[in-house]
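Reader: I would be grateful for a close look at one part of this model, the salt bridge and its surroundings. Please begin with the terms that the discussion requires.

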Amino acid sequence: MTENNNGWGGVREGAGRKTGWRKGFSEERKQRQVRAHEDEWEMIKEFVQIVKKDKERAQRILETE
């Protein structure tokens with residue numbers, strides 16, 4: 001790796017998005033992996049949107065089972 005002496009670019013202390021950058025979220029979301037058929041995946045994507053927007057609603061959906 002070559003050094004850039006003009007002070008532009010490169011790794012700097014304090015650079016980049018901070019952990020907890022979203023208001024009210026102090027920890028970052030971990031990436032997960034799941035295998036699903038196409039019809040299952042469509043349901044998963046829909047439920048994920050519900051969870052992200054309204055956790056209480058998602059909990060009620062889970063409790064109705």
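Author: A residue counts as buried under 20% relative accessible area, as exposed over 50%, and as partly exposed in between. The model under discussion is predicted.

The structure holds 1 salt bridge. Lys45 forms this pairing with Glu42, and the closest N and O atoms are 3.6 Å apart. The cut-off for a salt bridge is 4 Å between a side-chain nitrogen of Lys or Arg and a carboxyl oxygen of Asp or Glu. In general, side chains of opposite charge can pair when their charged atoms come close. Both partners lie in helix α1 (residues 38-53), and because they are 3 residues apart there, about one helical turn separates Lys45 from Glu42.

With regard to accessibility, Lys45 has a relative accessible area of 37% and is therefore partly exposed. Glu42, at 43%, is likewise partly exposed. For the protein chain as a whole, 3% of the 65 residues count as buried. The chain exposes about 7,300 Å², of which carbon and sulfur atoms supply 49%.

The helix that carries the pair belongs to a chain with 2 helices and 0 strands. The axes of α1 and helix α2 (residues 55-63) come within 5 Å and cross at roughly 130°, which means that α1 is oblique to α2. On the α1 side, Phe47, Ile50, Val51 and Lys53 make the contact, while α2 contributes Lys55, Arg57, Ala58, Ile61 and Leu62. The residues of this contact between α1 and α2 comprise 6 nonpolar, no polar and 3 charged.

Note on methods
Residues numbered from 1 in each chain as written. Predicted model: local features only at pLDDT ≥ 70, side-chain atom pairs only at ≥ 80, totals over all residues. Heavy atoms only, no water. Helix = DSSP H or I, 4+ residues; strand = E, 2+ residues; numbered from the N terminus. Buried < 20%, exposed > 50% of the residue type's maximum accessible area, 1.4 Å probe, protein only. Areas by Shrake-Rupley, 256 points an atom, 1.4 Å probe, with all protein chains shown as cover. Axes fitted to C-alpha atoms, helices over the stretch in contact; angles between N-to-C directions. Parallel < 35°, antiparallel > 145°, perpendicular 65-115°, else oblique. Contact = heavy atoms within 4.5 Å. Nonpolar A, V, L, I, M, F, W, Y, C, P; charged D, E, K, R; others polar.
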